[in-house]
Amino acid sequence: MRFIPFYLTLVFFSSLVSQNEKHLKNLTMLTHGGDNAEAYFSYDGKFASFQSNYSKWDLKCDQIFNLDLKKAALDSSYKPPMISSGKGRTTCSYFLKDGKHILYASTFKGGNECPPAPETKGKYLWAVYKSFDIYVADLKGNITQQLTTSDGYDAEATVSPQGDKIVFTSDRSGDLELWTMDIDGKNQKQITFGLGYDGGAFFSPDGKRLVFRASRPTEEAEVKEYKELLLQGLVAPTTMEIYTCNVDGSDIKKVTSLGKANWAPFYHPSGKKIIFSSNHHSTKGYDFQLFMINEDGTGLEQITNQSMFNAFPMFSPDGKKLIFSSNRNNGGTRDTNLFIVDWVE
């Protein structure tokens with residue numbers, strides 16, 4: 001075991017924050033290999049659930065883990081406990097407010113093996129596995145509840161700051177739309193209805209609004225391609241913008257009109273700004289940086305400029321820290337790791 005004193009960790013990794021990343025200070029690397037993503041804080045800010053496919057942990061595809069943030073900052077060899085069963089593929093975990101349960105989506109009832117990755121067909125595609133359903137597990141990994149049972153894709157669930165409501169994405173109505181339900185899975189309601197992929201939704205700090213990513217194909221060829229891919233359980237997430245709406249789906253507003261892929265949005269603690277990942281500025285396509293924008297679409301500001309991939313930002317419950325995924329400091333590999341940093345206004 002290689003133990004790194006916390007103060008040395010901060011000193012060493014502070015060099016990974018450039019002068020232009022003025023909102024970021026005291027950056028700490030939390031994982032050290034594989035693809036680690038979608039890290040979301042517990043309500044007390046001491047833990048984060050996340051997904052990883054790290055081969056040294058004997059993983060063949062993404063599984064869900066519970067990261068002790070203090071242990072991860074102190075010890076680079078720390079392996080967090082796995083919450084998912086290790087069967088099937090998982091995605092999109094999130095703590096419940098009691099701090100004793102984590103929800104996530106899994107395909108395990110469709111088979112113990114990892115479902116195959118989609119054929120690219122010359123495009124970057126995401127698979128929308130029909131066997132995904134949303135489950136709740138305790139911190140020992142015991143599944144305590146299955147929240148969705150409908151045929152088709154149910155995933156991308158997050159919980160309101162008040163802990164009483166869940167938003168998720170489902171294709172049960174024939175398109176990838178946002179749905180809400182009570183924390184116990186009851187009162188499942190469709191709240192978006194526009195053609196296109198609506199997903200990755202998060203609540204505003206007051207729990208009254210949602211921010212999400214969406215594709216909205218309008219040209220005949222775009223609509224045709226979207227529908228054909230969806231029938232195959234696929235989406236091409238290369239053209240998405242950021243939207244907001246009320247929790248009931250009313251007052252939907254388009255926040256960005258930047259082009260390319262704008263995704264992984266999360267509300268700033270003020271509830272008036274949104275941080276998100278985007279490659280709209282890139283001539284290469286694969287250069288995702290974090291940006292922040294006012295809820296009304298004004299005041300776009302670039303937050304990161306290090307490495308070619310920065311995404312999945314989330315503010316801590318007290319608003320003092322930001323956790324995100326990045327491929328900075330990966331030694332020239334393709335690894336994507338989790339980082340936590342002090343947020344500077």
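The model is a predicted one. In it, S77 sits in the loop that runs between α2 (69-74) and β5 (90-95). Its side chain makes a polar contact with the side chain of D75, at 2.8 Å. L30 is 47 residues away from S77 along the chain, and the C-alpha atoms of the two are separated by 9.9 Å.

S49 counts as buried because its relative accessibility is 0%, and buried means under 20%. The side chain of S49 makes a polar contact with that of S93, at 3.1 Å. Leaving aside neighbours within four places in sequence, the residues in contact with S49 include E38, A39, Y40 and F65, and also S93, Y94, F95 and I102.

The chain as a whole has three helices and 25 strands. Its radius of gyration is 19 Å, close to the 20 Å from the globule rule for 345 residues, so the chain is as compact as a globular protein of that length. Along the principal axes, the C-alpha atoms fill a box of roughly 55 × 45 × 40 Å. Of the 345 residues, 55% are buried. Among contacts between residues at least 6 apart in sequence, 48% join residues at least 24 apart.

The chain exposes about 15400 Å², of which carbon and sulfur atoms supply 52%. There are 38 positive and 40 negative side chains, and the centres of these two sets lie 4 Å apart.

Terms used:
Residues are numbered from 1 along each chain as its sequence is written. This is a predicted model: local features need pLDDT of at least 70, side-chain atom pairs count only at pLDDT 80 or more; totals for chains, interfaces and linings use all residues. Side-chain values use heavy atoms; hydrogens and water are left out. Buried means under 20% relative accessible area, exposed over 50%, partly exposed in between (1.4 Å probe, protein chains only). A polar contact is a pair of N or O atoms within 3.5 Å; within protein, one must be able to donate a hydrogen and the other to accept it, and residues adjacent in sequence count only if both atoms are side-chain atoms. Contact means heavy atoms within 4.5 Å. Helices (H or I, at least four residues) and strands (E, at least two) are DSSP runs, numbered from the N terminus. The radius of gyration is taken over C-alpha atoms; the globule rule is 2.2 Å times the number of residues to the power 0.38. Accessible areas come from the Shrake-Rupley method with a 1.4 Å probe; for residues, only the protein chains shown count as cover. Lys and Arg count as positive and Asp and Glu as negative; His and the chain ends are not counted. The place of a charge is taken as NZ of Lys, CZ of Arg, CG of Asp or CD of Glu.
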